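This report goes through a ligand site, a set of salt bridges and a few selected residues. The sequence and the model come first, and the notes follow.

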Amino acid sequence: MTGAGSFRLDVYLAGERKRVDQALRRAMERYGALLSPHLAPVAGDSLLSGGKRLRPILCVAAFRACGRVARRPAPPPADLPVGIYEVAASIEMIHAYSLMHDDLPCMDDAPLRRGAPTAHTVHGEVATMRAGLALIPLAALHCWEAAGRLGLGRRRRRRLVSTLMRAASARGMVGGQAADLLAEGRELSKGELDTLHRMKTGALLRASVCLGAVAASAEPDAVAALDAYGRAIGLAFQIADDVLDATADAERIGKEPSDAALGKSTYVRFLGVEAARDEARQVAAGGLGALRRAGIDSAELDALARYAASRDR
Ligand code: GRG
């Protein structure tokens with residue numbers, strides 16, 4: 001991977017997280033009424049409970065990289081249309097629902113998330129299940145309307161919503177989760193593990209990058225390069241997740257490590273910690289190669305690839 005020069009990832013991430021959180025709060029104000037009075041606080045708690053916000057940040061970075069407003073050096077984020085943060089917020093709605101459901105007793109049965117008690121331990125299983133489900137149509141609606149406010153035509157708006165919903169579907173995240181649950185206690189091959197994680201974790205990360213590119217009205221070859229980048233980042237992120245689950249404590253990652261207890265096949269089980277770290281870095285470098293070949297030069301995407309592969313929380 002090439003150096004990211006004087007780019008300050010920590011400053012960049014903190015600024016972007018603030019803007020994503022603002023967009024999420026605006027979304028809850030706008031659509032809270034569609035959630036019903038008792039589900040809105042449950043969904044709101046999960047949506048606004050922090051987190052890295054990597055998916056929306058990738059979406060905005062891809063948008064910027066596609067040149068609609070991009071120049072080098074990168075313009076300050078305030079130059080970006082607010083609408084791209086709104087589109088990005090719709091991805092985080094899907095992510096929030098997936099975490100709420102993932103932690104339920106019928107799935108990973110987790111007590112902690114982001115350093116706090118999980119949604120169902122606070123609000124109960126039924127309310128958590130319902131509020132999570134209610135976020136799915138909200139995400140689709142928000143994506144559609146935000147893309148309209150961004151000035152996109154119907155064809156691109158449809159493509160954005162369709163990309164997001166396909167990534168969340170049984171061909172993507174839901175299918176990956178189902179495969180993961182079925183595989184508990186069973187030894188997977190490396191190929192099966194790759195496929196599972198490209199769906200469960202990778203599909204939404206990949207779609208995040210694609211949404212940014214499509215929202216920027218990028219040319220097809222740029223969309224294809226960003227898609228390859230997103231695909232690589234999605235897998236690198238999961239490999240790094242396995243490394244963290246095997247090596248970090250609950251205080252650092254904000255949840256109880258659970259892969260070993262649930263008998264899951266992981267990259268660490270296959271490769272060992274150090275080789276898994278290397279693999280994550282190599283996969284991410286492959287994604288950056290796709291950008292370079294397409295002439296896409298983005299300090300943000302470069303730094304985000306490193307972060308996805310080598311993060312420490
Ligand atoms: C009906 C089978 C079925 C599934 C419903 C629950 C579910 C859908 C999908 C689970 C998807 C999931 C939780 C994948 C794991 C992805 C992952 C590594 C999440 C952690 O993401 P981070 O680290 O979290 O970005 P933060 O807290 O930073 O947002």
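## Q238 in helix α10

Q238 is buried at 6% relative accessibility, where buried means under 20% relative accessible area, exposed over 50%, and partly exposed in between (1.4 Å probe, protein chains only). The residue lies in helix α10; helices (H or I, at least four residues) and strands (E, at least two) are DSSP runs, numbered from the N terminus. The side chain of Q238 is joined to that of D242 by a polar contact of 2.9 Å. A polar contact is a pair of N or O atoms within 3.5 Å; within protein, one atom must be able to donate a hydrogen and the other to accept it, and residues adjacent in sequence count only if both atoms are side-chain atoms. Neighbours within four places in sequence aside, Q238 is in contact (heavy atoms within 4.5 Å) with H197, T201 and Y267.

## Basis of the model

The model is predicted: local features need pLDDT of at least 70 and side-chain atom pairs count only at pLDDT 80 or more, while totals for chains, interfaces and linings use all residues. Residues are numbered from 1 along each chain as its sequence is written, and side-chain values use heavy atoms, with hydrogens and water left out.

## The ligand site

The ligand is surrounded by 20 residues, of which the closest are K52, R55, H95, S98 and R114; a residue is near the ligand if one of its heavy atoms lies within 4 Å of it. Three of these side chains can be described by distance. R55 places a polar side-chain atom 2.8 Å from an oxygen atom of the ligand. For H95, the distance from a polar side-chain atom to a ligand oxygen atom is 2.7 Å. An N or O atom in the side chain of R114 is 2.8 Å from an oxygen atom of the ligand. Taken alone, the ligand exposes 750 Å², and the protein buries 88% of that; these areas come from the Shrake-Rupley method with a 1.4 Å probe, and for residues only the protein chains shown count as cover.

Two or more residues of the shell come from each of α4 (82-102), α8 (173-183), α9 (190-215) and α10 (220-247). Helix α4 gives the largest share, six residues. By class, the shell has seven nonpolar, seven polar and six charged residues. In this scheme Ala, Val, Leu, Ile, Met, Phe, Trp, Tyr, Cys and Pro count as nonpolar, Asp, Glu, Lys and Arg as charged, and the others, Gly among them, as polar.

## Salt bridges

A salt bridge is a side-chain nitrogen of Lys or Arg within 4 Å of a carboxyl oxygen of Asp or Glu. By this rule the count is 23. One of them pairs K200 with D180, at 2.6 Å from N to O. K200 lies in helix α9 and D180 in helix α8, so this pair ties together parts that are 20 residues apart in sequence. K200 counts as buried at 18% relative accessibility, and D180 counts as buried at 6%.

Another salt bridge links D241 and K255, with 3.8 Å from N to O. D241 is in helix α10 and K255 in the loop between α11 (250-253) and α12 (267-271), so the pair ties together parts that are 14 residues apart in sequence. K255 counts as partly exposed, at 21% relative accessibility. E274 and R277 also form a salt bridge, their closest N and O atoms being 2.7 Å apart. Both are in helix α13 (residues 273-293), and being three residues apart they are separated by about one helical turn. R277 is partly exposed, with a relative accessible area of 31%. Salt bridges that share partners also join D21, R53, E92 and R114 into one network.

## D102 and D108

D102 is placed in helix α4 and is buried, with a relative accessible area of 13%. Residues up to four places away in sequence aside, D102 touches M107, D108, D109, R113 and Q177. Q177 is 75 residues from D102 along the chain, and their C-alpha atoms are separated by 8.3 Å.

D108 lies in the loop between α4 and β1 (112-113) and counts as buried at 11% relative accessibility. Its side chain makes a polar contact of 3.3 Å with the side chain of K264. Neighbours within four places in sequence aside, D108 is in contact with D102, L181, E184, L262 and K264.
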